[in-house]
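Here's a quick tour for anyone meeting this one for the first time. Have a look at the picture, then read on.

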Amino acid sequence: MSVFPIEKFKSIETPFYYYDTELLENTLRRAQEEAAKYEGLHIHYAIKANFNHRLLQIINAAGMGADCVSGGEVKAALAAGIPAGKIVFAGVGKTEKEIAASLDAGIFCFNAESLPEAELINELAAARGMVANIAIRVNPGVGAHTHANITTGLAENKFGINYELLDETIDAIERLKNISLIGLHFHIGSQILEMQDFATLCERINEIQDKLEQRGMVLPHLNVGGGLGIDYNTPDTNCIPDFAAYFATYAENLKRRPGQQIHFELGRSIVAQCGSLITRVTYIKQGTCKKFAIVDAGMNDLVRPALYQAYHEIDNLTSQAECETYDIVGPICESSDVFAKERKLPATKRGDILAIRSAGAYGEAMAFGYNCRELPKAYLSNEL
Ligand code: LLP
């Protein structure tokens, strides 16, 4: 089991997020080292996974850029010290205000998801006497072995420009004088553990690059998105994702053109395992056919189980008794406010402290205030 400062936790009001900064730093180091084994690979941390300011500062110190999907995320990246020149900005619905602010900040590249968006970027860049870098986000029509809500690369998804329409989109974009097409952008989904899915994406990118070359076009940048999954079942034995296999898959399968730079947008694989949601047991309630452990964290603090039926390991940090079976539920007035069903935990009582594990990605970032609840606080191990 991870080492938690349980004595310190006892005096802190729950629920709260706890981040193990040593694990975050080790994860960042491993990711950067594995990427550095190849020429021209760049990681832009996907801020949507967790925009906690202090974590962003650590991620910036490790030299990663940022992948943003809103003006707010661009601001958060800049506030943490991430250089504008390492920021990419994706999203299907960028507003005029968000684009203007990002142009003014001088971000590296917009991942444009439609022709009307490229036209607006062009217009706003022209008004500033600038030429903006864009990559076209291509919907590659590649599925991924993951939850249907978090697959993004299929024709039915709203993201990107269908690869069959790429040629005519490029024709139209080439007529726009205040944008410079520097690359293509892809992202097939999240929590992907089968390297073959990324290899399939590479094959599709190879086909697209061959077609572009026929029209005399070689682009200097490829952005392949993020999506590397983590081990939610055994977070202690497998606390750092297999970055070596991930980058090797791209290195072996992608036919890079000379000097072509490859960009990655990793979110979950960087921050998921370093974070836990720490919660206290408010009551143990005997139902007709099961026992409930009612905790003081709710789906508003960590929505993944309710939204995606996501599995998170749960440890009781204050009991080593024989295991019993519980449904672990929150206090919110929704039947879906359940963290785990029929889960074995050491016999648990009111006041026990539980850690809901692997919650560093899409946990705190997706928290909300339903039922007039306060947003969860966060503590870093190096601050406690
Ligand atoms: N790039 C783009 C364009 C994305 O849409 C995403 C995630 C990423 C990068 C980062 O993907 P990652 O490396 O984290 O897999 N809330 C869901 C996950 C939503 C992912 C959205 N896009 C969850 O809790 O599982």
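What follows covers the ligand site and then some aromatic rings.

A few ground rules come before that. This is a predicted model, where local features need pLDDT of at least 70 and side-chain atom pairs count only at pLDDT 80 or more, while totals for chains, interfaces and linings use all residues. Residues are numbered from 1 along each chain as its sequence is written, and side-chain values use heavy atoms, with hydrogens and water left out.

**Around the ligand**

There are 19 residues around the ligand, and S190, E265, R304, Y308 and Y362 come nearest.

Which domains supply the shell? At least three residues come from each of domain 1 (21-271) and domain 2 (275-383), with the bounds taken from an automatic or database domain assignment.

| Protein atom | Ligand atom | Distance |
|---|---|---|
| D67, polar side-chain atom | nitrogen | 3.4 Å |
| R268, backbone N or O atom | oxygen | 2.8 Å |
| Y362, polar side-chain atom | oxygen | 2.6 Å |

On its own, the ligand has 580 Å² of accessible area, and the protein covers 93% of that. Accessible areas come from the Shrake-Rupley method with a 1.4 Å probe.

**Aromatic rings**

Rings of Phe, Tyr and Trp (its six-membered ring) pair if their centres lie within 6.5 Å; planes under 30 degrees apart are stacked, over 60 edge-to-face, and the rest tilted. That rule gives 14 aromatic pairs. Take F4 and F9: their ring centres are 6.1 Å apart and their planes sit at 50 degrees, so this pair is tilted. F4 is buried at 10% relative accessible area, and F9 is buried too, at 1%. (Buried means under 20%, exposed over 50%, and partly exposed in between, with a 1.4 Å probe and protein chains only.)

Now for F16 and Y379. Their ring centres lie 5.1 Å apart with planes at 90 degrees, so the pair is edge-to-face. F16 belongs to strand 1 (residues 16-19) and Y379 to strand 17 (residues 377-380), so the pair links distant parts of the chain, 363 residues apart. Strands are DSSP runs (E, at least two residues), numbered from the N terminus. F16 is buried at 0%, whereas Y379 is partly exposed at 23%. F4, F9, F16, Y18 and Y379 form one aromatic cluster.

Note on methods. Near = heavy atom within 4 Å. Polar contact = N/O pair within 3.5 Å; in protein donor to acceptor, adjacent residues only side chain to side chain. Helix = DSSP H or I, 4+ residues; strand = E, 2+ residues; numbered from the N terminus.
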